[in-house]
Amino acid sequence: ANPPFDHQVVMEMASHMEALLKRAAAKGSPLCFVVVIPSWPEQPCWRALRDSSFKEALLELAQPAHGYCEGAQHYRPTRHRVSNHDSTLFVLQTPQAR
C-alpha cells in the first residue's frame, strides 16, 4: 500500500488493515500487507503501524537512497524518480503468512 500522504487517511488505513489482519488470524488465514509511507515517527498513524502486533518488519529508507517508478513514465523523460523524503516500509502479516 502506498496511500495518499495524509495523516488521517493513513490512520484509517492502518485501523482497517489491523481489523482485517485480526479477522484473518482468527480464521487461520494468511494475509500480508506491505506499506510504504513517509517516515513520520511523531505521528500517531506511523506509531500505529509500528506498534501493530502483526508487524513482521520495519525498514527505514533514507531519501536519497530510494525512489519510485513514475506511474506516467511513458510521458516523462525518465522512468524513475528519487523520493522526496525519508520513508518507512512496514510488513504486517498474520502468523499463517510467515
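Analyst: One cut-off first, since it is needed below: a residue is called buried if its relative accessible area is under 20%, exposed if over 50%, and partly exposed in between. By that rule tryptophan 40, at 13% relative accessibility, counts as buried. Please keep in mind that this is a predicted model.

User: Okay, what does tryptophan 40 pair with, and how are the planes of the rings set?

Analyst: Tryptophan 40 pairs with phenylalanine 5; the ring centres are 6.4 Å apart and the planes stand at 85°, so this is an edge-to-face pair. Phenylalanine 5, for its part, is partly exposed, with a relative accessible area of 38%.

User: How many aromatic pairs does a search of the whole structure find?

Analyst: Two aromatic pairs are found. The other one joins tryptophan 46 and phenylalanine 90, whose ring centres lie 5.7 Å apart with the planes at 70°, so this pair is edge-to-face as well. Tryptophan 46 is part of helix H2 and phenylalanine 90 part of strand E5, so parts 44 residues apart in sequence are tied together here. Tryptophan 46 and phenylalanine 90 are both buried.

User: Switching to charges, how many salt bridges are there?

Analyst: The count comes to two salt bridges. In one of them, arginine 98 meets glutamate 56 with the closest N and O atoms 2.4 Å apart. That pair links distant parts of the chain, since arginine 98 follows strand E5 (87-93) and glutamate 56 lies in strand E2 (residues 55-61), 42 residues apart. Glutamate 56 counts as partly exposed, at 41% relative accessibility.

User: And which residue does aspartate 51 bridge to?

Analyst: Aspartate 51 forms its salt bridge with arginine 50, and there the closest N and O atoms are 2.7 Å apart. Aspartate 51 is exposed, with a relative accessible area of 51%, while arginine 50 counts as partly exposed at 29%.

User: What is glutamine 93 in contact with, if I leave aside its neighbours within four places in sequence?

Analyst: With those neighbours set aside, glutamine 93 is in contact with Leu21, Leu31, Cys32, Phe54, Glu56 and Arg98, a list that includes both partners of the salt bridge between arginine 98 and glutamate 56. Glutamine 93 lies in strand E5 and is buried, with a relative accessible area of 10%.

User: Is strand E5 mostly covered or mostly open?

Analyst: Strand E5 is mostly covered, with six of its seven residues buried. E5 runs antiparallel to E1, to which seven bridges join it, and also antiparallel to E2, with six bridges. Serine 87 in E5 stands opposite proline 38 and is also the bridge partner of leucine 61.

User: What about the largest nonpolar core, which residues touch the most other members?

Analyst: Among the 15 residues of that core, Val10, Val35, Ile37 and Leu49 touch the most other members. H1, E1, H2 and E5 are the elements that give two or more residues to this core, and H1 supplies the largest share, five residues. Valine 10, leaving aside its neighbours within four places in sequence, is in contact with Pro3, Pro4, Ile37, Trp40, Cys45 and Leu49.

User: Cysteine 45 shows up there, so how many disulfides does the search find?

Analyst: The search of the whole structure finds zero disulfides. The sulfur of cysteine 32 has its closest cysteine sulfur in cysteine 45, 20 Å away, which is too far for a bond. Cysteine 45 is buried at 2% relative accessibility, whereas cysteine 32 is partly exposed at 37%.

User: Last one: where is alanine 48, and what does it touch?

Analyst: Alanine 48 is found in helix H2 (residues 44-50) and, at 30% relative accessibility, counts as partly exposed. Apart from its neighbours within four places in sequence, alanine 48 is in contact with Met11 and Ala14. Its C-alpha atom is separated by 8.0 Å from that of serine 15, 33 residues apart along the chain.

Methods: Residues numbered from 1 in each chain as written. Predicted model: local features only at pLDDT ≥ 70, side-chain atom pairs only at ≥ 80, totals over all residues. Heavy atoms only, no water. Salt bridge = Lys/Arg side-chain N within 4 Å of Asp/Glu carboxyl O. Buried < 20%, exposed > 50% of the residue type's maximum accessible area, 1.4 Å probe, protein only. Helix = DSSP H or I, 4+ residues; strand = E, 2+ residues; numbered from the N terminus. Contact = heavy atoms within 4.5 Å. Phe/Tyr/Trp six-rings, centres within 6.5 Å; stacked < 30°, edge-to-face > 60°. Core = buried A, V, L, I, M, F, W, Y, C linked by side-chain atoms within 4.5 Å. Disulfide = S-S within 2.5 Å. Pairing = 2+ DSSP bridges.
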